[in-house]
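Trainee: I've got a new structure open and I'd like to learn how to read it. Could you walk me through it?

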Amino acid sequence: GGGETSVRVERMFGLMDRFLKSDPSSLQKDILDHVEYTVARSRFSFDDFEAYQALAHSVRDRLIERWHDTQIHFKKKDPKRIYFLSLEFLMGRSLSNSVINLGIRDQYADALKELGFEFEVLAEQEGDAALGNGGLARLSACQMDSLATMDYPAWGYGLRYQYGLFRQVILDGYQHEQPDYWLNFGNPWEIERVHVTYPVKFYGTVEDENFNGGKRKVWLPGEMVEAVAYDNPIPGHGTRNTITLRLWAAKPSDQIDMESFNTGDYINAVVNRQRAETISSVLYPDDRSYQGKELRLKQQYFFVSASLQDIIRRFKDSHSNFDDFPEKVALQLNDTHPSLAIAEVMRVLVDEEHLDWNRAWGIVCKIFSFTTHTVLPEGLEKVPVDLLESLLPRHLQIIYDINFDYIEELKKKIGLDYDRLSRMSIVEDGAVKSIRMANLAIVCSHTVNGVSRVHSELLKTRVFKDFYELWPHKFDYKTNGVTQRRWIVVSNPSLSALISKWLGTEAWIRDVDLLAGLQEQAANVDLHEEWRMVRKVNKMRLAEYIEAMSGIKVSVNAMFDVQIKRIHEYKRQLLNILGIIHRYDCIKNMEKSDRTKVVPRVCIIGGKAAPGYEIAKKIIKLCNAVAEKINNDPDVGDLLKLVFIPDYNVSVAELVIPGADLSQHISTAGHEASGTGNMKFLMNGCLLLATEDGSTVEIIEEIGEDNMFLFGAKMHEVPALRVKGPTLKVPLQFASVVRMVRDGYFGFQDYFESLCDKVEGGNDFYLLGYDFQSYLEAQAAADKAFVDQEKWTRMSILSTAGSGRFSSDRTIEEYAEKTWGIEPCKCPF
Ligand code: Z15
C-alpha cells in the first residue's frame, strides 16, 4: 500500500545525492570510477583517450541530472513548446561546451591537473559530431544552445546518421572522400532510449473503407521500420535548463515479416530485415542540390513520422482535444527538408484521429513556421510525383487535396491568370511532374522567415513574389546569429578572459549586447597591448597547427587571411585564388629592393566540395597547385604563403577563427542568404573583407564601413551586369592571371581548362572579372591598414564591440516572440 511506497521512496531519496558535487576530489573520484567501471580500464593504466572517455562520462552524469529536472519541470508546467525540425545539426565537440555551460570548467581543469592530465589535451581527443553540411546545420546547433540558455521549452528533432559528413583527404592536391564512421568509439553525449520507439511505414496502397455510412481512406503500407530515439542533452549557460536534441535511428521492425521467414531462407530473411538500418545510415553531402533520390525522401519521412508520433503522444499525455494543439505546439521547419510534416499532420488528424478535413486544416494552418535559407530558385527542393506516389501514396493524395482547395481559393482572389496559377501551384507539371516543397511550406505555414534583411527582400521581390503579393503578412525575417558561448568562450578563452576583465563582468556571455561597452575603450593603449597579445598567442597556436598538418612554416608577423566555408562557385574561392596569383606575380616582377614594402601574408583556404561537384573540386586542386608553386619559391619566402587546410569542420573553425586577422566573405552580391562565418570572425576581432551580401549588409550598419574592407558590384547592379555579360570590360590583370592558369604555369593545364572557361568568354556568371579590380583595391586597403597596427587594433576591438546583434540569442528571442509565441520556462535551481 501507500505506506510501503513511501518507505521505499524515502529510502531511495536517502541513497541519492541531490546534486552531484563538483569540488575537485568529487570530480576526481567520479572520473576514476568511470575509468574503472565505464571504460573498464585500470585506474593505474589508461591513456589520454580513455581519460577523455571517463571525463566525458562524468560530465554526462551532471548533464543527465539537470536534463531530468528540466523535463519534469516542463511536464509539470505544460507550456507551449517549440519543436525544431531539422535534417542537419552540426554540433561539433561537446566536452568543452558542456563544462563551460555548466560552469564547472575550471573545477575540472584543476581536478585533472592533480591527476596529471591537462584538460585541453583531453578535449582534443574528442571527434566532431558532423551530422550536417554547412551553414544551415551549424545554425541549428547555435540555435539549440540559445534555446537552452534562454530557458525556452524546446526540442530539437533530427536524424542520427551513422556516417556524418565525409572526411576530406587531400592527395596530390585533389579532394578524396572518406566515410566518417563517428560512432566507432561510442558516443558518451547521447542516451539511447530503447523504449522510445515508433513504427514508420512506407509504400503500399490506399484503399477506400466504409465508415459511419461514408467512405474514408486507409493506407495499407508495404514496409515498416522502427525509429529508436537517441537523446542528446543540450545544457544552457548559467541556468539549470538542459533541453533535448532527439535523433532517430532506424532499426528493423519487431513486427516480423512472417512470410519471408516461412520460406525457409532464414539467412536472407535476416539480411533483408537488417536493410532497414540503411535509412539513417548516411548524411547526403551535397549541400543544396536535390536529385530526387528515394533514400533521401525516405530519410525525410522517417524522421518526420517518428518526430510527429512523439510530439502527438506528448500532447495527448495531458490533452484530449486537438483544437488545443496550436496553443501547445509550434513546429519549425528548418528549410523545406522536413516539410512532409505538413502532409503527415493532416494524415494523422484525418485518417487516424478522425477529425474532419476542414478542422484538421484549421489546425495545420496555425502550427507551422518555415525558414528558407536560399536565394536561388534552383536551390528549391522538388520531389518527383512518381517517387512520392510509390513511397507515400496517401501523402501524395493529401498534397493533391491541399493543392486543389488552395488553387480554388486562389482563383477567387486573383482570377484565371493561368501563368500565375501554375507558378504558384504546389504541383509542377513539367517534364518530370513534381511537388514543389517550398510552395507546400509557404501555403501551409503561418510565417515564412528569411535569414537576413536583404534575403527577405529578395524573397519578396523575386523568389516568392507571387506569394508575397497574396499574403504579405506571412513574410518576415530573423537575421541569423551565432552563439558567443561556442564562438568566443569555448574557442577563444584568452579573448574571453580579456573581454570580461575590461568590461568588469562575465555577464556578456548571456547578454551579448554588453560587448558594446568595449567601444569606449577602443583607443585605450593598455587594452591595445593586451588585445594584440591575445591575438598573437592565437596566431601562434594556428601556426603550429599549420606546420603540424602541412609542414609549412608561417610567420606570425604576417597577416593571416582566411576563407573557410563550403566550396561553391557563388562563394568565389576562385576569386580569392586568382587574387593570390596576382599578388604572387607582383612580387615576382618587383625590384628586389621594393619587396621590403610588401605586407607579408599567409592565405588560408579551407572547405569541402560536394563529392559530385566537379568545378568545386577543381577549385580545391587549383588552390593546392598554386600553393605548391608559391610556397616553394625562394623569391617569395615569408612574403606570401598559401595553405589549404584539409578536412575543414567545426573544431578546425574553432582553432582558425581566433587566429585570423582578415577573413573573406566575397560571394557575388545577392547570392548568400545570410552567411554566419562572418559573425564568428567579427566576434573574435577579425576584420572582414567582403561584398555587400546577406548579413554583411547588417554588419556594416553595426560597425560602419570604415571598419571593414568592402568591394564589388552591388546587389541591384548584378542582374544588369549579367545581361551585359560578354560586352563587359574585364581588367587586364584578370585576363593575365587566368592566362597563367591556362598556360600551365601551375601545371595540370588540361584539367584547369574548364575552370578558366567558367570565368571567361562571356560565361562569367558570378562576375569574377567584373569585381576583380575592386577586389584588388580592397586587398590593398587591408594591407595599408595592417601596417598601421594601432589603427588595425582599434578596428579589431570595434569589430568585437559591434558584434552583439549577431548572437543567436537575439535571433531566438525574435523567433520566440514573433513567430512561435512561446515563453521561457525556467527550471528552479
Ligand atoms: C545551407 O548551409 C544554406 C542554405 C541552403 O539552402 C542549404 Cl541547402 C544549406 C546556408 C546559406 O547558404 C547561408 O547563407 C546561411 O547563412 C545558412 O544557410 C544559415 O541560414
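Trainee: Which domains does the domain assignment give for the protein?

Mentor: Before that, a word on the source: this is a predicted model, where local features need pLDDT of at least 70, side-chain atom pairs count only at pLDDT 80 or more, and totals for chains, interfaces and linings use all residues. Residues are numbered from 1 along each chain as its sequence is written. Domain bounds come from an automatic or database domain assignment. Here you get domain 1 (1-77 + 94-127), domain 2 (80-93 + 128-480 + 814-820) and domain 3 (494-710 + 772-806). Taken over C-alpha atoms, the centres of domain 1 and domain 3 are 38 Å apart.

Trainee: Which residues of helix α18 are buried?

Mentor: Buried means 20 or more other C-beta atoms within 10 Å of a residue's own, exposed means 12 or fewer, and partly exposed is in between, with C-beta atoms placed from the backbone. Helices (H or I, at least four residues) and strands (E, at least two) are DSSP runs, numbered from the N terminus. In α18 (residues 453-463), the buried ones are Val454, His455, Ser456, Leu458, Leu459 and Val463.

Trainee: Where is Tyr203 found?

Mentor: Look in the loop between β7 (191-202) and β8 (205-211). Tyr203 isn't a glycine, yet its phi is positive, about 60°. Tyr203 counts as partly exposed because it has 15 C-beta neighbours inside 10 Å.

Trainee: And Arg572, buried or exposed?

Mentor: Arg572 has 27 C-beta neighbours inside 10 Å, so it counts as buried. Arg572 lies in the loop between β19 (559-564) and α23 (573-589), and has a positive phi of about 60° despite not being a glycine.
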